[in-house]
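Try each task before you read its solution.

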Amino acid sequence: QVKFFLLLIISFSGETRYNKDKILQGQGVDEPLSATGFRQADAAGLFLSNVKFTHVFSSDLLRAKQTAAAILGKNRFCKDLEIQYDARLRERKYGVAEGRPLADLKAMAKDAGEQCPSFTPSGGETLDEVRKRARDFFEFLCQLALELEQKEHGKPGAPGRSSGTSGEQFVFPWTNHCSEAEPSSEGSGSSMVLDANILVVSHGAYMRNWIGYFVSDLSCTLPAHLTKSQLSSVSPNTGVSHFIIKLENGNLLKPKITCICLNQDSHL
C-alpha cells in the first residue's frame with residue numbers, strides 16, 4: 001500500500017494599520033503591514049526557521065505577500081524558495097463593508113436580523129463561497145502531493161524516502177506546546193514518507209472557514225485540549241496552525257487529517 005503525507009503549516013498575515021483600528025480590509029483594501037506587523041512576521045520566521053519547506057503559497061494580497069517573504073527570509077533552508085501567489089487564498093470579500101469599521105458590519109447584520117460572521121453584506125462572499133475556495137485550494141494541494149509521490153515513485157532506482165532520511169524537515173518548534181501526535185520516525189519504519197511540507201500564508205476569516213471545512217466535512221482529528229471557542233476563534237496575527245494530511249493509496253476523496261496545533265502564537 002502506498003501511503004504518503006502532506007505536512008501543512010498555515011500562518012495568518014501580520015498586523016496592518018486597519019487591523020489595529022478594527023477596520024475591515026477584505027479583498028478591496030490592500031494595506032501593507034504595519035511596523036508591528038513586520039515584527040510579527042519576523043518573529044514567525046524565526047519560529048519556523050528550522051522547518052524545511054518544499055512549497056510556499058500565499059494570498060496575493062500585499063499583507064500576506066509581505067508576511068510570507070519575511071518568514072522565508074529567516075529560514076535556514078528555504079530563503080530562495082519561490083513563493084507562489086494564489087487568489088484562492090484571499091481574505092473573505094466583504095463588499096460594501098470593506099474599508100469601514102467592524103462595528104458597521106455588526107450594525108448591518110443587526111438591521112438584517114442576522115449575526116456576524118454568517119451575515120453577508122451587499123457585494124460580499126457568503127461563507128459557503130469562501131469554503132468552496134478553501135476546498136478547491138486544498139484539493140489542489142492534495143493533487144500536488146499525489147503527483148510528487150508518483151513522480152518520485154517512477155524514477156528508476158529511486159531510493160525510498162522515509163522520515164529517517166529527512167530529519168531536518170521534522171524540526172518543529174511547537175512540540176512542547178501542542179498535540180502529542182507530533183510526526184516521528186520512532187517505531188514507524190519506512191511508513192512515514194514526506195512528499196510535501198507546505199507553508200500557506202493567508203487571512204483570518206478565510207482560514208477559520210478552511211479549518212471549519214477540515215473539521216465538519218473531513219472529520220479532522222483535533223488536539224484533546226482544544227475548546228470549542230478556540231476552534232471558532234480567529235487566529236492572532238501570524239498565528240500558526242499545523243496539520244498532517246495522510247493520503248492512502250492515492251485516495252484524494254478521504255484524506256486523514258490530524259491537527260497538531262491551532263493558532264499557535266508562542267513566538268509573539
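**Exercise 1. Find the loop that holds Ser219, then say what its phi looks like.**

Solution. Start with the place: in this predicted model, Ser219 sits in the loop between α6 and α7 (228–232). Next, check the backbone: phi of Ser219 is near 55°, which is a positive value in a residue other than glycine.

**Exercise 2. Work out whether the peptide bond from Cys116 to Pro117 is cis or trans, and locate Pro117.**

Solution. Look at omega to begin with: for the bond from Cys116 to Pro117 the angle is near 5°, and the bond is cis. Then trace the chain around it: Pro117 belongs to the loop between α4 and α5 (127–153). For background, most peptide bonds are trans.

**Exercise 3. Describe how helices α2 and α3 pack: how do their axes cross, and which residues touch?**

Solution. Step one is the geometry. The axes of α2 (residues 35–47) and α3 (residues 62–73) come within 7 Å and cross at roughly 40°. An angle of 65 to 115 degrees would count as roughly perpendicular, and one under 35 degrees as roughly parallel; α2 and α3 are therefore oblique to each other. Step two is the hand: this crossing is right-handed. Step three is the contact itself. From α2 come Phe38, Ala41, Asp42, Ala44 and Gly45, and from α3 come Gln66, Thr67, Ala70 and Ile71. Sort those by class and you get five nonpolar, three polar and one charged.

**Exercise 4. Characterise the largest pocket: what is its volume, and what lines it?**

Solution. Volume comes first: about 650 Å³ for the largest pocket. Its lining has 29 residues, and those closest to the centre are Asn19, Leu24, Tyr94, Leu102 and Val234. Now ask which helices contribute: α1 (17–20), α4 (102–111) and α6 (204–218) each give at least two lining residues. By class, the pocket lining splits into 13 nonpolar, eight polar and eight charged residues.

**Exercise 5. Count the cavities of 30 Å³ or more, and say what surrounds the largest one.**

Solution. The count is one cavity of 30 Å³ or more. The largest cavity has a volume of about 50 Å³. Around the largest cavity you'll find Gly204, Met207, Arg208, Ile211, Leu231, Ser233, Val234, Ser235, Leu262 and Asn263. To assign these to elements, note that α6 and β6 (256–264) each supply at least two of the cavity's lining residues, with the largest share, four residues, coming from α6. Finish with the classes: five nonpolar, four polar and one charged.

Terms used. Residues numbered from 1 in each chain as written. Predicted model: local features only at pLDDT ≥ 70, side-chain atom pairs only at ≥ 80, totals over all residues. Heavy atoms only, no water. 1 Å grid on protein atoms, 1.4 Å probe; cavity = no way out; pocket = protein on both sides within 12 Å on 5 of 7 lines; lining within 4 Å. Points joined across faces, edges and corners; volume = space filled by probe spheres on them. Nonpolar A, V, L, I, M, F, W, Y, C, P; charged D, E, K, R; others polar. Axes fitted to C-alpha atoms, helices over the stretch in contact; angles between N-to-C directions. Parallel < 35°, antiparallel > 145°, perpendicular 65-115°, else oblique. Left-handed = near helix turned anticlockwise from the far one by under 90°. Contact = heavy atoms within 4.5 Å.
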